[in-house]
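Here is a short report on some local features of a protein model. Look at the structure first, then read on.

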Amino acid sequence: MGENGMRAVVLGAGMIGTAVVKELADFECITSVTAVDISQEMIERCLDKAGNSKVSGRTAVFSTAEDIRSVLEGADVAVGCLPHSLTATAMEAAIAARCHLVDLVGSDFKGKAELHSDAEAAGVTLIPGCGVAPGLTNFLAARGIELLDEAEHAVMICGGLPEKPLPPLWYQVVFRLESVLGLYTKPAVAVRDHEIVEFPALSELETITFPSPVGACEAVLTDSHSTAYTLKDKVKNLTEKTVRYPGHWAKMKVLSELGFLDDLPVSVNGDTVIPRQLAGAILEPQLKGGTAEDITVVRVEVTGMKDGLRQTHTWEMVDLYDHRRNITSMAKTTALPAALAAKWLAERKIDTAGVVPIETLITGERFDPFLEELRELGIAINYTATTECDS
């Protein structure tokens, strides 16, 4: 802890970064929060929404680890709300600055795990993929596995949905379009028989129903991020699935199969065009709901054996647009787990150095208190357990 208390930095002052800034500033253990972004306009908007004297802003470029290290120098804990391409760089910078880092992005876990020894030697904690999914879903799955003698199946399901969906895609972008388009093309890492396997994007379409106001949806396999590596020896099968309203996945699969989401450039009348960029520009106006209001759904179900009986542990969340904070449900449910993890680092409730995914931290005696603090912040997750005789 610094002489003036715990100092926090938030890298990126977009919608989710601003939500993180506001939450961190409300925690007593955090004495100052610096919002850092390449855009002065974004900084000013963030400061206005935060409305807290603890918060200051700073513009910076994020091109290199040294760029990021310079803004982390002297800070105790940071939250990364940057594009996927910058998250490994941010982790290297955090190690150099000896600053704990909670990152929203869970991609390329294997690459980030290579920084574990350096982070451990520096005495810093780096938590990758700490939002809603990856994030909430990770440690709920780990908890279900922990409650069983023999875990057979863990399924993590999540989706951001418009409250008032519009045709033709029945979906609205509530975070980076870059991340959304990745869902349609990136292979899905999962666990089968304790082995890591890859499935093609958009595999295993199934119908799934959530409580009102959501109703019937469809889900496909998506990347299970760090959990495939951290939990594969503890559960026989593990998958993550992403939810959309019916019909959405089929339309996006056609675009993907035809090459509209490819990154390889093509020539059009002598001009070079990247299909994915063109598709993004065309699709983005179509990826809007009737209002800004959205819904985030989560269901994590873990099944296995306990004391000779088959047991299922289920956690479910249907979260609506937050009118009190005036932010989307997706922003809230992504920002709050990250902000709370940063708070726990500041309070030294988490003190494991290295690259440590959230599912390895929020277990055992930490699980209920973390979930209770999330509930107090406004994320309510329902839990049920069922037991039946093994037939």
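## Aromatic rings

Which residues form one aromatic cluster? They are F139, W315, W344, F367, F370 and Y383. Bear in mind that the model is predicted.

A pair of aromatic rings is described by the distance of the centres and the angle of the planes. Ring centres must lie within 6.5 Å to count as a pair. By this rule, there are seven aromatic pairs. Y184 and W249 make an aromatic pair, with 5.7 Å from centre to centre. Their planes are 65 degrees apart, and the pair is edge-to-face.

Where do the two partners lie? Y184 is in the loop between helix 8 (177-183) and strand 8 (188-192), while W249 is in helix 10 (residues 248-257). The pair therefore ties together parts that are 65 residues apart in sequence. Y184 is buried, at a relative accessible area of 2%. W249 is buried too, and its relative accessible area is 2%.

## Charges over rings

Two rings have a charged side chain to look at. R244 places its charged end over the ring of Y171, 3.9 Å from the ring's centre. K343 lies over the face of F27. Here the distance to the ring centre is 5.6 Å.

## A helix crossing

Now turn to helix 1 (residues 15-26) and helix 2 (residues 40-50). Their axes come within 9 Å and cross at roughly 40 degrees. Are the helices parallel or oblique to each other? An angle between 35 and 65 degrees counts as oblique, so helix 1 and helix 2 are oblique to each other.

The crossing of helix 1 past helix 2 is right-handed. Helix 1 makes the contact through T18, V21 and K22. Helix 2 contributes C46, K49 and A50.

## Backbone details in loops

One joins A133 and P134, with omega about 5 degrees. P134 sits in the loop between strand 6 (125-127) and helix 7 (136-146). The other runs from S212 to P213, and its omega is near 10 degrees. P213 belongs to the loop between strand 10 (206-210) and strand 11 (215-222).

Next, look at phi. D108 is not a glycine, yet its phi is positive, about 55 degrees. This residue, D108, is in the loop between strand 5 (100-103) and helix 5 (109-113). D307, also a residue other than glycine, has a positive phi near 55 degrees. Its loop connects strand 15 (294-306) and strand 16 (309-320). Is D307 buried or exposed? D307 is exposed, with a relative accessible area of 64%.

Technical notes: Residues are numbered from 1 along each chain as its sequence is written. This is a predicted model: local features need pLDDT of at least 70, side-chain atom pairs count only at pLDDT 80 or more; totals for chains, interfaces and linings use all residues. Side-chain values use heavy atoms; hydrogens and water are left out. Rings of Phe, Tyr and Trp (its six-membered ring) pair if their centres lie within 6.5 Å; planes under 30 degrees apart count as stacked, over 60 as edge-to-face and the rest as tilted. Helices (H or I, at least four residues) and strands (E, at least two) are DSSP runs, numbered from the N terminus. Buried means under 20% relative accessible area, exposed over 50%, partly exposed in between (1.4 Å probe, protein chains only). A charge sits over a ring if NZ of Lys or CZ of Arg is within 6 Å of the ring centre and within 35 degrees of the ring normal. Axes are lines fitted to C-alpha atoms, for helices over the stretch in contact, and angles run from 0 to 180 degrees between N-to-C directions. Angles under 35 degrees count as roughly parallel, over 145 as roughly antiparallel, 65 to 115 as roughly perpendicular and the rest as oblique. A crossing is left-handed if the near helix is turned anticlockwise from the far one by less than a right angle, and right-handed if clockwise. Contact means heavy atoms within 4.5 Å.
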